Amino acid sequence: MVEEWNGVEDAIEDPEEIRVIFSALDSFSQYAKNAHMNCTHFRRQAFYALPQAHWQMLAAPPFNYLDTLNRVDDAIESNAELARTIVTMGLRSFGMVGADEEAVVPEEWSGIAKYNDLDKARSTIRQFYRDWSSEGRVERDACYGPVFRALEAEKARRRLASDSRTDATTTQTQTPAEPQTSVASPLRVLVPGAGLGRLVFELCRLGYDTEGNEISYHQLLASSYILNSCERAGRHTIYPWIHSFSNHKSRANQFTAYSIPDVHPQQALAETTAAGAKIGTMQMCAADFLCLYGDDAHAGTYDAVATVFFLDTAPNLIRYLEVIWRCLRPGGVLINIGPLLWHWENHVPGQNGYDGDGDHDENDTSMGVADPGSFELTDDEVVALVEKTGFVVETRESDLRAPYVQDAHSMLQTVYNASHWVARKPESAK
């Protein structure tokens, strides 16, 4: 059974959540205008500011610079078609527009998106290359592959443990093939920082009961559309490399197009079931990870937590590890892969969203990632902290090559040497 993405409707009564949601919607709505302005309008102005002889040279073959700018505008419109569809589906999910009505951000919310929102809309469109194009599989294999293998190893470990218990308790009236509940039940996996939902989808397809968590409404709105509403595979064509004019070997490279999604999620799950395999359940939750999963209701709930490019989003990693420890069952595993690009490193020390007004109880985790205070550790120190929290690190690998929304043909290659490790909450832990 596949559960639809949820979260926006539940948060709609919160005024601050409403503002954040419509800022995201407005940023997608403004994508085309913003991209045309920054990618081509300003460049045309700079182009015609050149000496006439120079711009005339560049306007002619083999450069055809003005034609290049026109092609960029066309590519922006292709990207914008995806952005507008995300807006349409988002507004319909709120009941703001009917199925046959034009989906337009309400006037009172139009234009509220700030620079950071607009940048997130652009980066979200680019991220579809990584998560939902066939060409992005290289990046997905690098980061999701270790998670799949660790979970397969966990299933094998549990089967072995179950077989050992069966052998120890078998009587003449029992058969070795008698099913064991612990083995028959699918592992329950939590994916915090689930982004565009591809890892959640793939885990569901592999038979795991999977729950994704994401705080960014840019990501949530986009993943909701792909997982629930996109009509078919290859519905959209995106051009992720057009926003920058640097480090391209050729214009053909800059204008490389990708069809997304590479699979239709609902159809793929149906085909998996038809082939005789058992799929898991799937859901996405919109919330601050610390606030949602640190409560009693989630204590001891999950067999595994998969953190992919997630731990370095923590201003206070100890908080993250405490919540992960709490929501894992005894014997559960934390599977991590990623770099350490600490997201809060350049923020004002001690703030991270907390304005300092009012009383703050240091024992109260309700502020989530807005908790005051932050620190950054090395990879060795992170592993030491994981062990200090009570986990037992069972496997560890370093220098896993992990590109992230990287144009493989660019003259500039930025590739992470990611760290991968698996840590277990002891069976004896509470």
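**Close-up 1. Helix 14 and its buried residues in this predicted model.** Leu317, Arg319, Tyr320, Leu321, Val323, Ile324, Trp325 and Cys327 are the buried residues here. That's eight of the eleven residues in helix 14 (residues 317-327), so the rest of the structure largely encloses this helix. Who does the covering? The cover includes strand 1 (188-192), helix 13 (289-293), strand 6 (302-308), strand 7 (328-338) and helix 15 (379-389). Look also at the start of helix 14, where a side-chain oxygen of Asn316 comes to within 3.1 Å of the backbone nitrogen of Ile318.

**Close-up 2. A cluster of rings around Phe289.** Ring pairs tie Phe289, Tyr293, Tyr302, Phe310 and Tyr320 together. Phe289 and Tyr293 sit four residues apart in helix 13, about one turn of the helix. Their rings make a tilted pair, 5.6 Å centre to centre with 35° between the planes. Phe289 counts as buried because its relative accessibility is 4%, and Tyr293 is buried too, at 0%.

**Close-up 3. Helix 5 packing against helix 10.** Helix 5 (residues 65-93) and helix 10 (residues 217-229) pack at about 85°, their axes 9 Å apart, which means the two are roughly perpendicular. Helix 5 brings Leu82, Thr85, Ile86, Met89 and Gly90 to the contact, and helix 10 brings Leu221, Ala222, Tyr225 and Ser229. Of these contact residues, six are nonpolar, three polar and none charged.

Conventions. Residues are numbered from 1 along each chain as its sequence is written. This is a predicted model: local features need pLDDT of at least 70, side-chain atom pairs count only at pLDDT 80 or more; totals for chains, interfaces and linings use all residues. Side-chain values use heavy atoms; hydrogens and water are left out. Axes are lines fitted to C-alpha atoms, for helices over the stretch in contact, and angles run from 0 to 180 degrees between N-to-C directions. Angles under 35 degrees count as roughly parallel, over 145 as roughly antiparallel, 65 to 115 as roughly perpendicular and the rest as oblique. Contact means heavy atoms within 4.5 Å. Ala, Val, Leu, Ile, Met, Phe, Trp, Tyr, Cys and Pro count as nonpolar, Asp, Glu, Lys and Arg as charged, and the others, Gly among them, as polar. Buried means under 20% relative accessible area, exposed over 50%, partly exposed in between (1.4 Å probe, protein chains only). A polar contact is a pair of N or O atoms within 3.5 Å; within protein, one must be able to donate a hydrogen and the other to accept it, and residues adjacent in sequence count only if both atoms are side-chain atoms. Rings of Phe, Tyr and Trp (its six-membered ring) pair if their centres lie within 6.5 Å; planes under 30 degrees apart count as stacked, over 60 as edge-to-face and the rest as tilted.
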